[in-house]
Structures are given as structure tokens and as C-alpha cells.
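Let's look at this protein together, one question at a time. Have the sequence and the 3D view ready.

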Amino acid sequence: MSKFFSSKYSTLEAYVPGEQPKDMKYIKLNTNESPFPPSENALLAAKEEAGKLQLYSDPECTPLVKRMGDVFKIDKECVLMTNGSDEIINFAFMAFCDESHPIVFPDITYGFYPVFAELNHIPYTVIPLKDDFSIDYNDYVGIGKNIIIANPNAPTGMALPLWQIEKIVASNPDNVVIIDEAYVDFGAESAVQLTKKYDNLLVTGTFSKSRSLAGARLGFGIGNKELIADLNTVKYSTNPYNVNRMTMAVGCAVLDDNDYYMNNCKTVMENREYTKNALEKMGFFVLPSFANFVFARHSEISGAELYLELKKRGILIRHFTKEKIKDFNRITIGTKDMMDKLIDTISDILKEKQNENL
Ligand code: PMP
């Protein structure tokens, strides 16, 4: 740390993204990216737009917002596009939370929430998951604080039904409830339409997972138009051109090709059930997942050891060191070929381990 670093941030523990090693070619099942490339139209759109990069992007994201309105069936004043959904989540923390408006979230959830709270000096409370790793929605009913819940949750993959989300939103009318739907397209119920009924609900989403654009950085928030106006005040006070030209063009093409991406989600969901069954046959305990990953543990090999053994063999998965989940690994769902390779490799590792123990 330099002597110039502001004391505001000196104790901040930054978010640690999933590793992106360059030493060899890995099968990457560690950061929940889509295994499918963007559609042809999206690639063409990027190429065309590259020739106009001398010009700033449209800060209102006009063509993209119009398509968002069509695809999500919402008014264009009710959407804000951002540089990944991490940005909209940070904007929401900045806009709606402070010393007297603290926030709550589950103890096991997306690791960025406590970081954004610390960054913005927002008091926060964590609420434990139930023993089965699900969220008890009753814990949030009438809590009287701002709330952020990832639905499906990460890294568990478990989801709350829409009626429970609605109970949480309806019972906290004086607080903002943020539902982070980064993984919603893989089988959970979206709360987007509830934003028409409740002025305290903000739904956030991303093109990083179901729409194959993790590298383009495109996220969004959908909510009542006054919430969106507040978020715009924060955006125009930090980075008005937050969505770059190429990403905007690609985002439009992606929404025009929505069926291609939604079909890819179906394939991922099929591959998820296939992988879950295969892991269970090998003795894993696998949480029910509504996301593009599974969260699994095995009684004969620790989470850390399995992660390291797979890495040695060219497969990356995600291991978290937090005490409550250290026995688990989060495995992104890829193509059927990728999952077969994973299953065969895990089977070899388990056999070697059994032989060692003879
Ligand atoms: N929310 C959750 C629950 C996530 O897992 C992620 C991905 N790391 C994000 C939000 C942010 O994704 P992005 O910034 O790529 O849109």
C-alpha cells in the first residue's frame, strides 16, 4: 500500500475474481461463462462497430434500451444498461444505501456484496442460510432494511419461488429490495414483471452467462422509473459512457437473436441434469441447481484436493475457502463433451484415491 492510499479504503478487502491462468489450455468450469460463442450477427455487429470507435458511445444506449423493452416487456424508462451487472449492483448500493439505510443479504452468497458495502461504507448484516443451504424467505419478510438476494443464489444454485420474492418485496415497502438475476435464465422464475407493481423492487441482470457476453461486459437494472432515475444520477456522476460502442452493438444483435441464446440455456440445463446424475452416481452430494453450475461435495475427497487434482489435469473448477462451504466445489456447466471429460477425470481421481487407501 502506498502512503497516498486514502484511509477510506485502507482496510478494504477487494473482491477476488475466479482465476484466469495462462500457463496452459484448461477446460474452464470455474467462472460460469457460457460454453457457446456469441451468434454470427453479434460477431458481425462488433466488426462493423469497430470502425466507429473514434466516437463516444450513446450514453442513453437508445437502440439497446428499445430492444430491452421489447424482450422484457417493460417501458424504456424502467431500464438502465451498465458495464456488467457488477456495475448496476454497485450503483444501487451507492444510490439507496448509507449509514442510516443498511443492507442485509445471506451469509453464503455472491462475494461482491460485502465488498460493495465496505467500499461505500454501508453497514450490513448477513443472515445464515438454512442447514440445507436454502434461503428462508421468512427471515427477510418485514425486516425493514434494504435487501439484496441473488435468485438463483450463488454459489449454491438454489432458487426461491416468485411468490416468496413477492412476500419479501411487499412486506418491506420503505426499503429497496434488489433481486440479482444473473442466473435466472437457467430455470428460475424472474421477478421483472413485479417491478410494475412495486416501486421498491430493482431486478438486476447480465448478458455474461445466458447470452455469452462475459467479455463484452453488459448488465442491466429493471425497476420503477423513479428508481432508474436515481441510478442514472449515480451513473452520470461516475461514468456516462459506461457501455462502450462495440458492446452496445453486440448487445442489440444478441437481443435480436434471443432464441439462439435461450436454446443454449436449455442445452446447459440438460447438461446440468446429466452432470448432477453422474456426480451422484460417483457418491457426490449435489445441491438442486437452477443456475449454469452445480455445487457439490464428496465425503472421500476434500473440496480443496479435488480442485487441485482437476487443475493438474487441465480442468478448472471453483473452490471457496469459507468454512461453511469449504467441502464443496462449484462446477460450471459446459458442453456435453466438457462434462464427459470432467466426469471421466473425477472418476480416475476417485479410483486413484481408493487404490492409495488399500
Ligand atoms: N451476480 C452474481 C450472483 C454473479 O455470480 C455475478 C458473476 N460474477 C455477477 C452478479 C456479475 O456478473 P457480470 O458483472 O459479469 O454481469
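**The largest pocket**

Q: Which residues lie nearest the centre of the largest pocket?
A: This is a predicted model, with local features needing pLDDT of at least 70, side-chain atom pairs pLDDT 80 or more, and totals for chains, interfaces and linings using all residues. Residues count from 1 along each chain as its sequence is written, and side-chain values use heavy atoms, without hydrogens and water. A pocket is an open set of points on a 1 Å grid over the protein atoms alone, where a 1.4 Å probe fits, with protein on both sides within 12 Å along at least five of seven lines; lining residues have an atom within 4 Å of a point. Here 48 residues line the largest pocket, and nearest its centre lie Tyr15, Val16, Tyr110, Gly111 and Arg318.

Q: Which elements give two or more residues to that lining?
A: Helices (H or I, at least four residues) and strands (E, at least two) are DSSP runs, numbered from the N terminus. The elements that qualify are α3, β3, α4 (112-119) and β4.

**The sheet**

Q: What is the strand order of the open sheet?
A: Strands pair if DSSP finds at least two bridges between them. The sheet has seven strands with mixed pairing, and β2 (79-82) and β4 (124-127) are its edges, each pairing on one side only. The order is β2-β8-β7-β6-β5-β3-β4.

Q: Which residue is the bridge partner of Thr204 in β8?
A: Strands β7 (residues 201-206) and β8 (residues 219-223) run antiparallel, joined by five bridges. Thr204 has as its partner in β8 Gly221.
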